[in-house]
Amino acid sequence: MDVDWQRLPEPEYRWEVVSGLMQDHAKAVLQYCTTRLGEGLGAEVTQEVFVAAWQQLPTYRPEAPLSTWLFAIARHKCQQAYRNRARRQAIDRLCIEEIRARTHIGGPLSPEGAITQASQVARLAACLTQLRETDRIVLTLWYWKELPVSDIADVMGKSVAAVRKQLLRAQQRLKELMNDPPPT
Amino acid sequence: MIPRQPNHPQPDPPKDPEIQGWFQALGPPPVGQVSTALRTHVRARIAQEQAWLPIWSWLARRTVPAWAAVVAVGLLLALGVQVWRGIQWGQPPLPGAHQAQPLALDVLGAARRLHTYRFQAELPHAATLGTLVAARPVLSAPPPAVGFAPQATRTAFVRIGMLFAEAVATFHGDAVEATAPRLDVLLQTLTTVQAPSTLTQYLHVMQTLLHGQQYPADALASFLSLFESLYEDAYAQTSGEEVRLFRVGTWVENMALAAAVGAPTALRQEGQAIAEVRRVLTLLQAPHEALDALDQIDHLLRQPTLTAEDISNMHRLLQHLQQMLGA
């Protein structure tokens, strides 16, 4: 994308640049934010990323590609979302809702297999709700969203060592809960 | 800004196969779909940012000492707390709310009870309204406002009006299957703005009646249309702001429906309130695009005759307005 740096202080020109960025990168930015924050909040933060890009374009220096710069904004916005208590609670709630929604997913399974799978998913959701908020988030990001530990640490604002330790503890607790006989 | 490198070179620990199996049963995680309205939403938010820019740039130009900045921030916080407390005890009225209130309320249809239902029923081809509404996606509920966000609350009242008028329209033409999702979002939005419990209770009863399928659509439509009067009574003791915002919402929806079915007389009749709608949207700090759209509608309404092309243009503008207000 060719950008005329001289014209970046003009708001309308910046909008043209941001429109181009949206056309090329909206899908990838949305995927990045949704993986980290869940579907609804991911879409909301994606909007914020492009608004911030519009605001910050005059300060952009072309040492890094524009896409790298855009993803740096996305990363920062996701970190901000985790730091905000209300939003962190929304991330946690969304993650459980997304898992619960999977109870109804059909697949190439026998009726018995589908029932077993649905009950297992429901049980996983129930057990996750008994964990601490951050344990739930870390397990979901690691096992379901399959983010590397360094990315989890980055978005949650923790050290890699702290996330590894938390993962160990959360895994152990989840296994205990899942292997306990369900309450009658 | 360059992304930080991973802060630890150690390889990731192995995943527990048992837990991995449980999560694999969930299937792939959601990745999100890019909304077609993303561009519009970002544009609207940028327009709001631009409205604040002159103030920020003025502040940035001042070379004030640090202590003055601290005092200014302190004063702003104190003011914020005062206003927020005001919101807790009752929404602050829009500026000028007390002056032209009776006239404004009349212009937006207070004189006629059950205005939305009657207006829609009198439109030509009213039986197609339900199908028109059912073909549109349901507006989403606004996220809960965090902290000091009166703007979001005000927009929510406009959405309540739009959702209500949409829900009523689903009964014209028997598209009752589209009513329930709209009622759900309407309820969520009312909860978000902490509306009086009589309103949410009324809608809960409406939902029960709808799910029970014991009553004909006409009876249900009458029951729902009474919500308009109930809403206005519920907010009768306040500044009138909630009612005016609600009426702007119903106005935009009714105008869009009238344009969709090509009803010039109805458009002119309802269009008489455009100046008041513009005033409310200006006070709401609606994006410039919204006010521009309203001005273009006004211009079209002032023409001696409304051609099919004019009505089609008006429909496009109203849809754009709906999209911006429902954002």
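Predicted model: local features only at pLDDT ≥ 70, side-chain atom pairs only at ≥ 80, totals over all residues.
Start with helix H8 of chain A, residues 160-179. H8(A) has 20 residues. From first C-alpha to last, H8(A) reaches 28 Å, close to the 28 Å expected at 1.5 Å a residue. Now look at which residues are buried. They are Val160(A), Val163(A), Arg164(A), Gln166(A), Leu167(A), Ala170(A), Gln171(A), Leu174(A), Leu177(A) and Met178(A). These residues cover an arc of only 160 degrees around the axis, so they sit on the same side of H8(A). Turn to the other side of H8(A): Lys165(A), Leu168(A) and Gln172(A) are exposed there.

Next, go to helix H10 of chain B, residues 217-234. Its 18 residues should span 26 Å at 1.5 Å a residue, and the end C-alpha atoms are 26 Å apart, which agrees. Yet H10(B) bends by about 25 degrees at Glu228(B). Glu228(B) is itself buried. Other buried residues of H10(B) include Leu220(B), Leu224(B), Phe227(B) and Tyr231(B).

Finally, consider the empty space. A probe the size of a water molecule, rolled over the atoms, shows where such space is left. The structure holds two cavities of 30 Å³ or more. The largest cavity has about 70 Å³ of space. Helices H1 (11-37), H4 (85-101) and H6 (133-144) of chain A each give two or more residues to its lining. The lining of the largest cavity divides into six nonpolar, two polar and three charged residues. Among the lining residues are Arg36(A), Leu37(A), Tyr82(A), Ile91(A), Glu98(A), Thr140(A) and Lys145(A).

Conventions:
Residues numbered from 1 in each chain as written. Chains lettered and ligands numbered in written order. Heavy atoms only, no water. Helix = DSSP H or I, 4+ residues; strand = E, 2+ residues; numbered from the N terminus. Expected span 1.5 Å × (residues − 1). Bend = angle between axes of the 7 residues up to and from the residue. Buried < 20%, exposed > 50% of the residue type's maximum accessible area, 1.4 Å probe, protein only. 1 Å grid on protein atoms, 1.4 Å probe; cavity = no way out; pocket = protein on both sides within 12 Å on 5 of 7 lines; lining within 4 Å. Points joined across faces, edges and corners; volume = space filled by probe spheres on them. Nonpolar A, V, L, I, M, F, W, Y, C, P; charged D, E, K, R; others polar. Arc of directions from axis to C-beta.
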